[in-house]
Amino acid sequence: MKNYSSRPFIIKKDIKSVYELFKSPRSAEHFLSSVDKSGLPAKEIQVTDDALSFNAKMVGKVVLTRTEAIEPNLIRYTGTQSPVPLEISISLNEETPETTKGQVSVDANIPSFLAGMVSNQLEPAMEKLADMMEELDVDRFLGRSKE
């Protein structure tokens, strides 16, 4: 398996709220219903309490199922239907009572003849993911109003 990790990032929200967000794909429903899906690389996104499925360009249907959740520090999703075996891990640590430090890792069993091409696309994507996580409005994502 090849491992790709984002740089550590800081989310401006307490660890309990961030854990809740990543533990349940259903928490993304409010956000996904409010964004223009035409710009997303994934189409036909469906969420349940423990899985996320979508159709990806040139890949087909991908299903990620939560296989581990250790409160409040780790959430792991496994590709139960994906072109290659893969696992996504979200590690969380309390930075301060109001901020959470996180990191996303992807372990994928990519054939060696594709590894270079995939690495060239996945590594920059992981950095962009870290940038996006730092801008994440957890309350909006969860459909909560600001207190």
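**A loop serine and its partners**

Biologist: Which residues does S6 touch, not counting residues up to four places away in sequence?

Modeller: Contact here means heavy atoms within 4.5 Å. With residues up to four places away in sequence left out, S6 touches Q103, V104, M126, E127 and A130.

Biologist: What kind of model is this?

Modeller: Residues are numbered from 1 along each chain as its sequence is written, and side-chain values use heavy atoms, with hydrogens and water left out. Local features need pLDDT of at least 70, side-chain atom pairs count only at pLDDT 80 or more, totals for chains, interfaces and linings use all residues, and the model is predicted.

Biologist: Is S6 buried or exposed?

Modeller: S6 lies in the loop between β1 and β2. Buried means under 20% relative accessible area, exposed over 50%, and partly exposed in between (1.4 Å probe, protein chains only). The relative accessible area of S6 is 2%, so S6 is buried.

Biologist: M126 is one of those partners. Which residues does M126 touch, leaving out those up to four places away in sequence?

Modeller: M126 is found in helix α3, residues 112-134. Its relative accessibility is 4%, so M126 counts as buried. Beyond four places in sequence, M126 touches Y4, S5, S6, V104, S105 and V106.

**The strands**

Biologist: What pattern does the protein follow along the sequence?

Modeller: Helices (H or I, at least four residues) and strands (E, at least two) are DSSP runs, numbered from the N terminus. The protein has 4 helices and 8 strands. Read along the sequence, the pattern is β-β-α-α-β-β-β-β-β-β-α-α.

Biologist: Why is strand β8 largely enclosed by the rest of the structure?

Modeller: Strand β8 covers residues 99-108. It is largely enclosed because, of its 10 residues, the number buried is 8.

Biologist: How many bridges pair β7 with β8?

Modeller: Two strands pair if DSSP finds at least two bridges between them. A hairpin joins β7 to β8 through 2 residues, and E94 stands opposite T100 in β8. Strand β7 (residues 86-96) and β8 pair in the antiparallel sense, and the bridges number 10.

Biologist: Which residue in β8 stands opposite N3?

Modeller: Strand β1 (residues 2-5) pairs with β8 in the antiparallel sense over 4 bridges. Strand β2 (residues 9-11) also pairs with β8 in the antiparallel sense, over 3 bridges, and there I10 stands opposite K101. For N3, the residue opposite is D107.

Biologist: How many bridges pair β5 with β6?

Modeller: β5 also runs antiparallel to strand β4 (residues 51-56), joined by 6 bridges, with N55 partnered by K61. β5 and β6 form a hairpin with 3 residues between them, and R66 stands opposite Y77 in β6. β5 and β6 pair in the antiparallel sense, and the bridge count is 7.

Biologist: Which peptide bond is cis, with omega near -5 degrees?

Modeller: Look in the loop between β5 (60-70) and β6, where P72 lies. The cis bond runs from E71 to P72.

Biologist: Is Q81 buried, exposed or partly exposed?

Modeller: Q81 is in strand β6, residues 74-81. Leaving out residues up to four places away in sequence, Q81 touches K61, V62 and V63. Its relative accessible area is 38%, so Q81 is partly exposed.

**Core and rings**

Biologist: At what distance from the ring centre of Y4 is K2?

Modeller: A charge sits over a ring if NZ of Lys or CZ of Arg is within 6 Å of the ring centre and within 35 degrees of the ring normal. K2 lies over the face of Y4, and the distance to the ring centre is 5.5 Å.
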